[in-house]
Amino acid sequence: VHDVNCLNADASLADLGLDSLMGVEVRQTLERDYDIVMAMREIRQLTISKLRELANSKTEDTNGIKN
């Protein structure tokens with residue numbers, strides 16, 4: 001995928017073709033960068049919209065907007 005904006009933001013990662021290796025990479029990124037621990041089942045159910053929410057909340061946390 002060259003442009004994430006062309007994807008359905010409400011489709012799950014599983015529906016978008018997430019395989020086990022990509023799932024592990026997503027899990028590691030969430031744990032390392034966002035301190036979020038999820039089961040693989042939960043990761044497969046994530047959507048682009050939810051990932052954007054997580055990224056935005058992390059940005060707000062680092063800017064001191066949220067406690």
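Beyond residues up to four places away in sequence, L46 is in contact (heavy atoms within 4.5 Å) with A11, S12, L13, L30, M38 and L51. The model is a predicted one, in which local features require pLDDT of at least 70 and side-chain atom pairs are counted only at pLDDT 80 or more, while totals for chains, interfaces and linings use all residues. Residues are numbered from 1 along each chain as its sequence is written, and side-chain values use heavy atoms, with hydrogens and water left out.

L46 also belongs to the largest nonpolar core, which comprises seven residues: L13, L18, L30, M38, I43, L46 and L54. Such a core is a set of buried Ala, Val, Leu, Ile, Met, Phe, Trp, Tyr and Cys residues joined through side-chain atoms within 4.5 Å. Buried denotes under 20% relative accessible area, exposed over 50%, and partly exposed the range in between (1.4 Å probe, protein chains only).

Two salt bridges are present in the structure, the criterion being a side-chain nitrogen of Lys or Arg within 4 Å of a carboxyl oxygen of Asp or Glu. One pairs R32 with D33, with 3.1 Å between the closest N and O atoms. R32 is classed as exposed because its relative accessibility is 57%, whereas D33, at 33%, is partly exposed.

The side chains of K50 and E53 form a salt bridge with an N to O distance of 3.6 Å. Both residues are located in helix 3 (residues 48–62), three residues apart, or about one turn of the helix; helices are DSSP runs (H or I, at least four residues) numbered from the N terminus. E53 has a relative accessible area of 48% and is therefore partly exposed. K50 likewise counts as partly exposed, at 34% relative accessibility.

Key. Helix = DSSP H or I, 4+ residues; strand = E, 2+ residues; numbered from the N terminus.
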